[in-house]
Amino acid sequence: MPTQVVRIRDAAPGDGDALAELHARSRAVYYGAGGHEVAAIPDEKYREAWRKMVADAQLAVLVAVLGDDIVGVITLDANGVFPTNAPHETRVRLVGIFVEPGQWSSGVGSALMTRFISITRQAHAVGEVDVWERNSRAIRFYKQHGWTRDGTSRPGPAGADYVGFVHLP
């Protein structure tokens with residue numbers, strides 16, 4: 001059976017609810033693995049937040065598609081919507097990258113990350129992301145893609161910090 005090709009496209013206005021559902025499923029698995037339980041089904045406020053992100057012209061929301069199914073999403077901020085760890089540098093914040101748990105380690109996340117790195121290099125910018133310190137799977141993923149710790153952190157859930165990583169152009 002031939003391997004399906006992951007397509008990356010801009011999120012469309014109607015994608016907000018599907019992205020909220022994907023995000024909720026993904027984060028429930030990784031937070032749960034770190035001992036912090038969160039809902040796997042989004043409520044209306046959560047769905048509305050995703051609809052607003054998709055519609056926000058200052059954010060780039062890209063989706064990974066296999067066939068007709070959205071299987072991943074990455075949100076980028078090059079316009080300072082979310083605070084940066086180094087406001088004196090040109091930075092693109094990776095707000096979040098989420099993949100359907102059943103598609104983990106299938107290349108979907110790597111396809112999204114390759115697009116992110118391409119965008120930061122074109123902008124001659126440093127990529128920046130905060131990762132929950134108990135999400136060891138994500139930390140391995142970022143390190144495999146050339147990210148390094150930047151020494152920053154901020155409080156996170158369950159007594160575990162979000163730790164900063166950067167990707168240099």
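This note comments on a predicted model, taking the sheet, the helices packed on it and the salt bridges in turn.

1. **Sheet order.** Seven strands make up an open sheet with mixed pairing, and their order is β1-β2-β3-β4-β5-β7-β6. The edge positions belong to β1 (7-10) and β6 (148-154); each has a single partner strand, so one side of each lacks a neighbour in the sheet. From one strand to the next, the twist averages 30 degrees.

2. **The antiparallel part.** Strands β1 and β2 run antiparallel and are joined by four bridges. One of the pairings places Arg 9 with Val 63 in β2 as its bridge partner. Strand β2 also pairs with β3, again in the antiparallel sense, over eight bridges; here Ala 64 stands opposite Gly 72 in β3. The β2 and β3 strands form a hairpin with two residues between them, and Gly 67 in the turn has a positive phi of about 65 degrees. Seven of the eight residues of β2 are buried, so this strand is largely enclosed by the rest of the structure.

3. **The β4 and β5 pairing.** Strands β4 and β5 run parallel, with three bridges between them. The bridge partner of Arg 93 is Glu 128 in β5. The side chains of these two residues also meet, in a salt bridge of 2.9 Å from N to O. Glu 128 belongs to strand β5 and Arg 93 to strand β4, so the pair ties together parts that are 35 residues apart in sequence.

4. **Helix α1.** Residues 16-33 form helix α1, which packs on the sheet and touches β2 (59-66), β3 (69-77), β4, β5 and β7; the direction of α1 makes about 85 degrees with that of β3. The helix has 18 residues and reaches 26 Å from its first C-alpha to its last, close to the 26 Å expected at 1.5 Å a residue. Its buried residues include Leu 19, Leu 22, His 23, Arg 27, Tyr 30 and Tyr 31. Among the elements that cover the buried residues of α1 are helix α2 and strands β2, β3, β4, β5 and β7. After α1 comes Gly 35, whose phi is positive, near 85 degrees.

5. **Helix α4.** In α4 (residues 136-144), the residues Ala 138, Ile 139, Phe 141 and Tyr 142 are buried. Viewed down the helix axis, the buried residues of α4 fall within an arc of 160 degrees, so they line one face of the helix. The face turned away from this buried side carries the exposed residues Lys 143 and Gln 144. The buried residues of α4 pack against β4 (91-99), α3 (108-122), β5 (126-132) and β7 (162-167). The helix lies across β4, β5 and β7, and runs at about 160 degrees to β5. Just after α4, Gly 146 adopts a positive phi of about 90 degrees.

6. **Salt bridges of α1.** Twelve salt bridges are found in a search of the whole structure. In one of them, Asp 17 pairs with Arg 51, the closest N and O atoms being 2.8 Å apart. Asp 17 lies in α1 and Arg 51 in helix α2 (residues 44-55), so this pair ties together parts that are 34 residues apart in sequence. Asp 17 is partly exposed at 28% relative accessibility, and Arg 51 is partly exposed at 25%. A network of salt bridges links Asp 17, Glu 21, Glu 44, Arg 47, Glu 48 and Arg 51. A further salt bridge joins Arg 25 and Glu 100, with the closest N and O atoms 2.3 Å apart. Arg 25 lies in α1 and Glu 100 in the loop between β4 and α3, so the contact ties together parts that are 75 residues apart in sequence. Arg 25 is partly exposed, with a relative accessible area of 32%, whereas Glu 100 counts as buried at 16% relative accessibility.

Definitions and conventions: Residues numbered from 1 in each chain as written. Predicted model: local features only at pLDDT ≥ 70, side-chain atom pairs only at ≥ 80, totals over all residues. Heavy atoms only, no water. Buried < 20%, exposed > 50% of the residue type's maximum accessible area, 1.4 Å probe, protein only. Arc of directions from axis to C-beta. Contact = heavy atoms within 4.5 Å. Pairing = 2+ DSSP bridges. Axes fitted to C-alpha atoms, helices over the stretch in contact; angles between N-to-C directions. Salt bridge = Lys/Arg side-chain N within 4 Å of Asp/Glu carboxyl O. Expected span 1.5 Å × (residues − 1).
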